[in-house]
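Here are a few exercises to work through with the model open beside you. Try each task before you read its solution.

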Amino acid sequence: MSMTTVAALTGAVFLTFTPIYEEDEVPYYTLPDPLVTEAGEPVDSPEMWREVRRPETFALFEEHVYGEWLPDPEYMRFDVVDDEPEALDGKATRRQVVIHFTEEDERPSIELLLYLPNDVEGPVPMFLHLSFWGNQAIHEDPEIRLSERWMRGHGEGVEDNRATEASRGASPQPVEAILERGYGLASFYYGDVALDDADRYREDALSLFQDIDEERGPTDAGAIGAWAWGLSRALDYLETDEDADHERTAVIGHSRLGKTALWAGAGDERFAITISNNSGCGGAALSRRRFGERVSRINDSFPHWFCHNFREYNEREDALPVDQHQLVALMAPRAVYVASATEDEWADPRGEFLAAYHAGPVYELFGESPLPVDEMPEPTQPAHGTVGYHIRDGGHSLAPEDWEQYLDFADTYFGR
Ligand code: GTR
């Protein structure tokens with residue numbers, strides 16, 4: 001891929017950065033062993049993982065990559081503002097819920113949209129999806145409340161970008177296909193929690209926990225930490241909804257939101273399945289490979305996503321005390337899925353595969369099945385153990401073919 005293409009993908013030109021796109025240019029590296037403690041002791045039982053190695057691994061990600069996991073909110077209220085039993089031609093119940101964090105109904109608040117299949121006895125297993133645009137962007141249903149929040153490329157008070165209108169920001173998800181398979185879908189806009197803007201990301205959720213007039217401390221959470229916290233709050237709501245099965249909920253995100261899904265699944269063990277679609281650098285891709293986007297570049301482009309300490313590893317990936325296979329391993333023994341796309345080189349498909357692969361020993365410790373392959377599979381050959389992986393033909397997106405794999409994987413894992 002040329003420099004120009006990279007610039008087109010990211011919307012900025014960084015003349016000094018030449019990404020690695022050839023496998024033989026990937027430097028030699030050795031990965032930290034997920035099953036050796038910081039004190040050098042081998043981890044040989046699930047108890048030792050749970051009591052020693054898991055907490056210390058999670059703490060390393062907090063300190064060096066994503067920042068400290070945010071606490072539960074002091075106040076929370078769920079207002080059901082729409083409950084329509086005959087949505088989508090009678091196929092679904094649509095529910096829209098506002099999650100408030102202040103009694104005064106000020107920001108932050110999360111507008112959660114749910115579709116639940118009508119022809120399945122509940123509670124139904126759920127996909128909890130984090131979205132790049134307002135809820136109206138995922139389906140053409142005209143009754144979806146229009147988000148008026150700031151959005152990238154739109155500004156404040158978004159125009160109608162419903163999924164029908166092929167307008168900027170429409171990002172339709174296969175809602176009917178999900179419902180037909182007997183799953184419910186819950187989705188919200190990530191900007192409800194933290195605006196994806198380096199100057200404004202602390203206005204919402206982070207302002208509940210940080211003094212936003214002061215600079216962020218080195219291990220304070222950034223936007224990814226806030227978005228992951230929002231996913232946990234949506235799960236708090238699902239726990240109260242008797243039509244949704246919060247114990248069989250898969251958290252799913254694409255790209256920066258795939259990074260977020262992984263951090264949410266690591267920080268909140270209530271998620272049964274964690275799905276990262278094309279999550280790349282700072283997500284499933286191994287940092288030490290330095291293929292495509294790398295640590296220095298992501299910290300430059302998106303200074304608000306990670307904790308400030310992560311910048312210490314710009315051009316020094318080998319010094320990181322963890323790599324991203326250990327993030328995948330933090331889901332164990334619960335199910336985790338990593339997916340790539342053939343043309344998504346910026347996200348390093350092979351690095352994503354290898355992170356899923358090298359999480360395997362932790363799954364084996366629990367008697368759970370790691371990735372059932374040793375080599376990266378072909379695009380038509382998904383590999384599903386308790387760790388799942390596929391690579392799809394095409395570019396960087398969350399496509400209906402990806403969803404088909406996730407539905408199959410969830411069916412198997414939930415024994416449906
Ligand atoms: C890119 C970024 C990637 C990925 C992507 C996205 O600009 O470099 O890490 O997160 O955005 O979220 O679409």
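**Exercise 1. The hairpin**

How many residues lie between β1 and β2 in the hairpin, and which residue in the turn has a positive phi?

Solution. A word on the ground rules before we start: this is a predicted model, where local features need pLDDT of at least 70, side-chain atom pairs count only at pLDDT 80 or more, and totals for chains, interfaces and linings use all residues. Residues are numbered from 1 along each chain as its sequence is written, and side-chain values use heavy atoms, with hydrogens and water left out.

Step 1: find the strands, which are DSSP runs of E with at least two residues, numbered from the N terminus, while helices are runs of H or I with at least four. β1 covers residues 77–87 and β2 covers residues 92–100.

Step 2: check the pairing, which requires that DSSP finds at least two bridges between two strands. β1 and β2 have eight, in the antiparallel sense. One of the partners to look for is H100 in β2, bridged to R77.

Step 3: go to the turn. Four residues separate the two strands, and L88 is the one with a positive phi, about 50°.

**Exercise 2. Helix α8**

Work out whether α8 is enclosed or open, and what covers it.

Solution. Step 1: count the buried residues (under 20% relative accessible area with a 1.4 Å probe, protein chains only; exposed is over 50%, partly exposed in between). Seven of the ten residues in 349–358 qualify, so α8 is largely enclosed by the rest of the structure.

Step 1: name them. They are P349, G351, E352, F353, L354, A355 and A356.

Step 2: look for the cover, using contacts (heavy atoms within 4.5 Å). The elements over these buried residues include α7 (324–329), β8 (335–341), α9 (360–365) and β10 (387–392).

**Exercise 3. A serine in a loop**

Is S171 buried or exposed?

Step 1: take its relative accessibility of 18%, which makes S171 buried.

Step 2: list what S171 touches. Leaving aside residues up to four places away in sequence, these are W133, A137 and I138.

**Exercise 4. The whole chain**

Describe the chain by its elements, its extent and its burial.

Solution. Step 1: tally ten helices and ten strands.

Step 1: take the span of the C-alpha trace along its principal axes, about 55 × 50 × 45 Å.

Step 2: Of the contacts between residues at least 6 apart in sequence, 67% join residues at least 24 apart.
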